[in-house]
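Dear colleague,

Please find the structure below, together with its sequence. My notes on what was found follow it.

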Amino acid sequence: HLSGALRQALDHPGSLVRARLVYEMAQAYDLSESRSENLAIAIEYFHTASLLFDDLPCMDDATERRGEPCVHRIHGEAAAVLAALGLVSRAYALLWRGLADLPADRQALAGAYVEKCLGVNGLLNGQSEDLHYASLPDDRRSPQKIATGKTVSLIRLSLVLPALLGGARPGEVRLLERLAAFWGLSYQILDDLKDVFQPPSKTGK
């Protein structure tokens with residue numbers, strides 16, 4: 001079951017937008033080919049794992065993803081959860097390879113940034129607020145805030161992490177974070193509009 005769940009998730013990779021962003025940014029900051037690849041795959045695995053969790057009955061209870069039945073629909077919820085955790089574990093292993101042999105200050109900065117984007121103040125909080133949207137106080141019921149947590153966090157990680165490892169100046173990092181915010185919110189708006197105006201045969205979900 002675990003093998004089947006992993007194979008299904010990896011055999012339908014989607015657009016690989018985040019992986020391409022990571023790779024191109026890493027190359028632009030003169031990181032090595034192997035380091036660029038490890039970082040790109042790691043971020044894509046984090047993203048894929050988040051989708052497996054997001055589709056579960058206890059979350060969005062989705063039926064399709066990328067034109068196929070969701071992983072938990074074919075292989076069961078337990079296999080989907082274990083596959084997601086397997087991808088997260090592998091992502092961290094690849095991330096550590098991407099950080100290896102770099103100056104200690106860059107490693108520490110990158111580690112803190114990963115936690116900021118993926119942890120309880122980033123992706124996880126965005127997902128939690130999405131799940132409990134109807135019960136949030138009016139001053140916290142913001143689709144933009146939720147999208148910032150769920151979508152912008154991974155775009156921000158894709159753009160900024162390679163730059164941090166490549167020694168980007170603070171001004172460059174601030175500009176990349178602003179670009180990630182605009183880009184991520186635009187991406188989410190377009191995705192939501194597709195869900196409204198396009199049939200499942202075109203959206204794949």
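The second largest pocket has a volume of about 190 Å³. H1, H2 and H3 are the elements that give two or more residues to its lining. H3 supplies the largest share of that lining, with 4 residues. The residues around this pocket are Ala9, Leu10, Pro13, Leu16, Ala19, Arg20, Ile41, Glu44, Tyr45 and Thr48. Please keep in mind throughout that this is a predicted model.

Searching the whole structure gives 1 cavity of 30 Å³ or more. The largest cavity holds about 140 Å³ of space. Its lining is made of 13 residues, of which Ala9, Leu52, Arg65, Arg66 and Val71 are the closest to the centre. At least two lining residues come from each of H1, H3 and strand E2 (68-69). Here too H3 provides the largest share, 4 residues.

On the packing: the largest nonpolar core contains 47 residues, and Leu157, Leu161 and Leu165 touch the most other members. Helix H1 (2-11), helix H2 (17-28), H3, helix H5 (77-99), helix H6 (104-118), helix H8 (143-165) and helix H9 (170-197) each contribute at least two residues to this core. Beyond its neighbours within four places in sequence, Leu161 is in contact with Leu39, Ile43, Leu95, Ala110, Val114 and Arg156.

A polar atom of the Ser50 side chain lies 2.6 Å from the backbone oxygen of His47. Apart from neighbours within four places in sequence, Ser50 is in contact with Leu123 and Leu154.

Last, the cysteines. How many disulfides are there? The count is 0. Cys58 is in no disulfide, and the nearest cysteine sulfur, that of Cys70, is 12 Å away; a pair would have to be within 2.5 Å to count. Cys58 is exposed because its relative accessible area, 59%, is over 50%. Cys117, in contrast, has a relative accessibility of 1% and therefore counts as buried.

Best regards

Technical notes:
Residues are numbered from 1 along each chain as its sequence is written. This is a predicted model: local features need pLDDT of at least 70, side-chain atom pairs count only at pLDDT 80 or more; totals for chains, interfaces and linings use all residues. Side-chain values use heavy atoms; hydrogens and water are left out. A polar contact is a pair of N or O atoms within 3.5 Å; within protein, one must be able to donate a hydrogen and the other to accept it, and residues adjacent in sequence count only if both atoms are side-chain atoms. Contact means heavy atoms within 4.5 Å. Buried means under 20% relative accessible area, exposed over 50%, partly exposed in between (1.4 Å probe, protein chains only). A nonpolar core is a set of buried Ala, Val, Leu, Ile, Met, Phe, Trp, Tyr and Cys residues joined through side-chain atoms within 4.5 Å. On a 1 Å grid over the protein atoms alone, a cavity is a set of points where a 1.4 Å probe fits but cannot get out, and a pocket is an open set with protein on both sides within 12 Å along at least five of seven lines; lining residues have an atom within 4 Å of a point. Grid points are joined across faces, edges and corners, and a volume is the space filled by probe spheres set on the points.
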